Amino acid sequence: MLNNITDCEEGEGGPNSQGDGNPKESSPFINSSAASDAEKTQQYDGKNMALFEEEMDTSPMVSSLLSSLANYSNLPTGSKEHEEEENNEEGARPSKKPVKAPQLGTLMGVYLPCIQNIFGVILFLRMTWMVGIGGVLGSFIIVFMCCSTTMLTAISMSAIATNGVVPAGGSYYMISRSLGPEFGGAVGICFYLGTTFAGAMYILGCIEILLIYIIPQAAIFQIEGLEGAEAEAALLNNMRVYGTIVLSLMALVVFVGVKYVNKLALVFLACVILSIVAVYAGVIKTAIDPPVFPVCLLGNRTLLSKGYDVCAKVIEIDNETVTTKLWRSFCDSESLNATCDEYFINNNVTEIQGIPGVTSGILAENLFGNYLEKGVVLEKRGLASDVDPDSPTTSSNRYVLADITSFFTLLVGIYFPSVTGIMAGSNRSGDLRDAQKSIPIGTIAAITTTSTVYMSCVVLFGACIEGVVLRDKFGEGVSGNLVIGTLAWPSPWVIVFGSFFSTCGAGLQSLTGAPRLLQAISRDGIIPFLRVFGHGKENGEPTWALLLTASICEIGIIIASLDSVAPILSMFFLMCYMFVNLACALQTLLRTPNWRPRFKFYHWALSFLGMSLCLSLMFICSWYYAIVAMGIASCIYKYIEFRGAEKEWGDGIRGISLSAARFALMRLEEGPPHTKNWRPQILVLLSVDAEQNVEQPRLLSLTNQLKAGKGLTIVGTAVHGTFLDNYTEAQRADQSLRKLMETEKVKGFSQVVISSNLRDGTSHLIQVGGLGGLKHNTVMVSWPRNWKQPECHQQFRNFIEVVRETTVASLALLVPKNISSYPSNGERFTEGHIDVWWIVHDGGMLMLLPFLLRQHKVWRKCKMRIFTVAQMDDNSIQMKKDLITFLYHLRIVAEVEVVEMLDGDISAYTYEKTLVMEQRSQILKQMHLTKNEKEREIQSITDSSRGSIRRKNPSTARSQHSTEEGTSLAEKPEEEVQLIHSKNASTPTSPTSPTSPAVSAGGAATWTDNKGADKGKNLLAANPESGRDFFNMKPEWENLNQTDVRRMHTAMRLNEVIMKKSKEAKLVLLNMPGPPKNRVGNENYMEFLEVLTEGLNRVLLVRGGGREVITIYS
C-alpha cells in the first residue's frame, strides 16, 4: 500500500507523470536513481533514524535534501553552451571540463541586453516623424501609453520570474507554466512570430538607412526621374532585393555560429548608446550654437533640396539678374519672361532654419498634431500663402510630399515595437548569478531608462526642430540627411552609422533568438507538427527552426514597408504581454499555494490594467490585424487542445477551472433543474471480468448515442475485495473504463469502488456518485444474462436490488436487453422505426429518450412510433386524437396508434407457464445445495411438474402454500407495486379461487390497486362453473397464486400485441414494471419481464424517476 501511495505522490518527477517529456531541470526534490544502496543505508545509519528506515526509498533525510539543493544548478543549453560546443569541435578534449556556474549580474545580464533590445530602428527612423505628425502632446500620450504597458508587464513578469527558478525560455516558459500548454503554445507561437517579424523590420530599417542615407547610388531600381507611385514601387523593390540579400547573409552568420553574434553584441550596444549620447549632445549645442540646416519654402510649401541650388528665384551676378535652378523647375525656360507655375509666381521663396534650437520657442508650434493625407504637400504653419483653392496642385514633384496617410492609431502601431524587448533579461535567466534578484531590478531599470529617453526625446525634438523638417520622413528637404542626424553632434554620420549597425545587430539578435524559441516549443511536444523543428546540429543549434524563421522573415521583407511591418509585430508582442499580465493576475486572485514570488511590488489590479492596455492597444493599432492575430492564437489553442500532447504543468487555468467548477456546483445546489432543463445525467453500471476488462462495451455505445456528448456521464464498476489488497485491480479497472470511454467517445468520469460485496459496491455507486448538484438522475444497467442458471442466481438478485434502490432514490432507470445486438457508433440505420409502448405515464421519459436517440447519426433515419393500450371502456378514437394533440404541443414528430386489448380468457398455457415459474422459484430457493445437487433437484422437480406429487397429497400442498402466503402477508401488509396504471390495466382475477380473497383483503404483492382488481372482468369471474371445471381438470392450478396468474396473463397479452406490431422495429421502448417489495417474488418478477419481452431483438426497459422530464411550455 505504501508503494501505491508514494507512486501517486511523486508528482511531476514520477514515472507516471504527464508533465514535460524533456525535463529542463534536475530537481533536487526528486530522489536520484543513481544513488547506491550503500549510500541510502548510510543515510539512515544509527538508531535515531530507525523509525523511518522503511521509507528510505521515497523520503530522503532533510540533510541529504539540503545538500542536493545547495549543489543544484540550472544551466540551460543556451548560447554559451552552443559556443563551447563549437569550440570543442575544433580540438578534441581528453576530458570534459565542468561547466562554469553562471556569473552574469544585473548590469551585464539584464539591464544592458534590455537597453539594446528596446532602443532600435523606430527611434532613429520614425521618432522625429511621429512627433511632427502627432504633435508633442499626441506623441507624448502614445509614448506614455506604450511605456506604461511595458512597465506594468515588467511588474507582472517580475512576479512570475521570481516565483521559483525560471529555466531558459523566457516569456514562453513563464506563460506556458502559468497558463497551461494551450495558452503557452498559442502565445509562444505569437511571440515567435513577433520576434521573427521584428527581424524583418530591423533588416528593412537597415536597408532604408543604407539606400537613402549612406549609398543612394547602390539602388538597383533607379528612383531618379520617377514620380509618385513609380518612385514608391522602385523604392520597395530595392528594399525587397537588398532585404533578401541581407537576410541570407544574416541567416548564414547565425548558422555558422552564434558566438560571432554574441561577440558583436557589445559593439552594437556601444553604437546605440553612442548615437543617443550624440543626440543629447546636439540638443545642448542647439541652445548655444544652433547648426545650419536651411530649409527652402515656396510660400508655405517645403521644397525638395535636390530641386534647387540656391533658395531663390533669381540671383544677381555682375549686376545681371540670373534665374536659378529653382526657376527652371517651375518655368518652361530660363528667361525672365517665361511662363511659370501660378503658385510659383504668386508666392515668395523663403529660407528658414531646420533646427532653430531649444531656446527658439518652436515647441509651441509643434505642440499639436498635423495629420496628412497621402500625396499632400508639407506646409509650414503660420506662414502666409497665396493659393487658389479651386486650382489643382501643379509641379507636385518639386515639393516634399506625405508618403502615407497618417492618423493617430497608425502612429501607435508604428511606434510600439520601439518599446518591445523587455523580455531580454528573462530570456537569459539561465545565465544569471541570481535571476530572482536581477530580472526585476534590471528589467524595470531598463524600462525606466528607455521610457525617460523616449519621453524626453519627444519634448526635445518638438523644441529643437522645425515642424516641416519633423514631418519630412526621409529628410528630402534637408539635403537627404537623416532628420535625427541633423540634430546630432558632432556629425549626422554618427547617427547614420550608429543606427545602421544597431539595426544590423538587432536583426541578428532576432534571427538568433526566434529559432531557439521555436526549438523550445517544439521540444515541449505540445504542437505535434512542429516536432521536426526541435532537431538541429549536434551542438544543439536549431537548423530547421532557423530555416523556417528565415522563410517567415522573408514575408516581412516582401512587404518591404517598415510602416506596414511594424503594426504586425506590435500585435504579436501585445498579445504576448497581455497573457503575461493575465497569468500574474490569475495566480494572484486564485491564491495558488505555490504562488510565493520574491518580488512583492505587484498587485492583481496592476496586472489587469496592463492586460486591458495591451488589448486596447491591439485594436487601436489595427483592428483587423488584431482579429487575425487572435484568430491565429485561437486556432493554435484549439489544435493543442484537441491534437496536442497532454501536459500537466500545474498551470493557472487549472485553478480557474476548479474555481469555476466550484461556483457552478454551488449554483446547482440552489434547487433541482426546471423541467425544460432536464436531461438524463447517466450513471452507467458496468461489470468487469477477472482481468478487469469491461464485459458490456455496447452499454457505452448506447450512452454515447443517447447523450451526444452532452450532460454528465459517470461510468462506474465495483471490484470485489478490500481496498488494501485490491487497489491495483481497481486501478486496472479504472484504466479499462477510461480506455473504453475514449474509444466510444463518451465524455464523462469513471469511478471504481472496492467492496467486499459487489451488491454493496453497486449500492455505494448509486448513493455517492456525482458531486453536489452535479449528480446522476438516471441509472443504466444491462439485463442480467443467463439469469435462469443457478450460478447466476446472485446476479439477478443484485439486478433487482438496483431496481429497488433507483425507485427509492427517485432515479430513472434504463435497462437495455440483448445489449450485444445494439448498434455500435459506426453503424447507420438507413430506415426503420423506434417504437414506444406507452403503458403508464412515467414523467415523459419514454417520449424524451427516442427524441435524444434520433439526434445521433446512428438513429437519425429511424422514424418514431408511439403505441398506447386502450381497455374495453376506453374511447380509442378520442385517445388517439388526444395523443396526437399532446405530441404536437411537445414538438415531437411521431406516428400514433392506439391498440385495443380486449378482455380474454386466461389460457391454459398461462396457467402452465405460471406453474413452471413457481416450481423454478422453489428450486432456486435451495441455497445450501451444491451445484450438482441443485441440478439433480431441478431435474427431479421438472420431471414431476405435471403435478404427480400434488395430486397424491393436494391438502398438504394447499396448507403448505397457505402457510407461505400467510408469512408473506405478515411481512408485507401493504403492497402497491404497479405493472400498469390502474385505469388502463387489464387485470383478470379469479375471485373463485381459494387464495383470491386473502390476497384481496391483505393487498399482498398486487401489481394493481383494488380498483383495478374490481374493474377486471374475466372469463372465470363471469363463468364460475367453467372455472371450476378447469380446476377439476388440473388440480395443481388451484394452488397457484392468482396474482401471479394475472401478471403472467398481462405479460403474455402485452407481448403478443407488441410482437404483432413491433417485431421488425429497430428498437422497442417499454415501461418497466416495478419490482415486488416482498423479496419472495424476485424470481417471478424476472420471469414476468422475460415473458413481456420474449421474441424482441432490442428492448429498452424504461422506468421513470417520479418527476416530469418533458413539458409543452416554452
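# Strands, disulfides and helices in a predicted model

Biologist: Over how many bridges do strands E1 and E5 pair?
Modeller: In this predicted model, E1 and E5 pair in the antiparallel sense. One of the bridges links Val295 to Ile352 in E5. Two strands count as paired if DSSP finds at least two bridges between them, and E1 and E5 are paired over 5 bridges.

Biologist: What pLDDT do local features need?
Modeller: Residues are numbered from 1 along each chain as its sequence is written, and side-chain values use heavy atoms, with hydrogens and water left out. In this predicted model, totals for chains, interfaces and linings use all residues, side-chain atom pairs count only at pLDDT 80 or more, and local features need pLDDT of at least 70.

Biologist: Are Cys296 and Cys311 buried or exposed?
Modeller: Buried means under 20% relative accessible area, exposed means over 50%, and partly exposed lies in between, with a 1.4 Å probe and protein chains only. Cys296 has a relative accessible area of 0% and is buried. For Cys311 the relative accessibility is 16%, so Cys311 also counts as buried.

Biologist: Is the disulfide of Cys331 and Cys340 left-handed or right-handed?
Modeller: Their sulfur atoms are 1.7 Å apart. Cys331 is buried at 9%, and Cys340 is buried at 14%. The torsion about the S-S bond is about 105°, so this disulfide is right-handed.

Biologist: What pattern do the disulfides follow?
Modeller: There are 2 disulfides in the structure. With bonded cysteines counted along the chain, the pattern is 1-2, 3-4.

Biologist: Which cysteine has the sulfur nearest to that of Cys206?
Modeller: Cys206 is buried, at 2% relative accessibility, and takes part in no disulfide. The nearest cysteine sulfur is 3.3 Å away and belongs to Cys504.

Biologist: Which strands are at the edges of the sheet of 10 strands?
Modeller: Their order is E8-E7-E6-E9-E10-E15-E14-E11-E12-E13, and the pairing is mixed. At one end, strand E7 (residues 713-720) and E8 pair in the parallel sense over 7 bridges, with Val719 bridged to Ile754 in E8. The edge strands pair on one side only, and they are E8 (749-755) and E13.

Biologist: Through which helix does the chain cross from E12 to E13?
Modeller: E12 (residues 863-870) and E13 (residues 895-900) pair in the parallel sense over 6 bridges. The β-α-β crossover between them is right-handed, that is, clockwise from the first strand over the helix to the second when the strands point away from the viewer. The helix on this path, residues 876-889, is H29.

Biologist: Why are H20 and H22 called oblique?
Modeller: H20 (residues 562-590) and H22 (residues 623-643) pack with their axes 10 Å apart; axes are lines fitted to C-alpha atoms over the stretch in contact, and angles run from 0 to 180 degrees between N-to-C directions. Angles under 35 degrees count as roughly parallel, over 145 as roughly antiparallel, 65 to 115 as roughly perpendicular and the rest as oblique. H20 and H22 are therefore oblique, at an angle of about 45°.

Biologist: Which residues does the cis peptide bond with an omega of about 10° join?
Modeller: Most residues other than glycine have a negative phi, and most peptide bonds are trans. The residues joined are Trp489 and Pro490.

Biologist: What is the phi of Ser479?
Modeller: Ser479 sits in the loop between helix H16 (467-470) and H17 and is exposed at 60% relative accessibility. Although Ser479 is not a glycine, its phi is positive, about 60°.

Notes
Helices (H or I, at least four residues) and strands (E, at least two) are DSSP runs, numbered from the N terminus. A disulfide is a pair of cysteine sulfur atoms within 2.5 Å.
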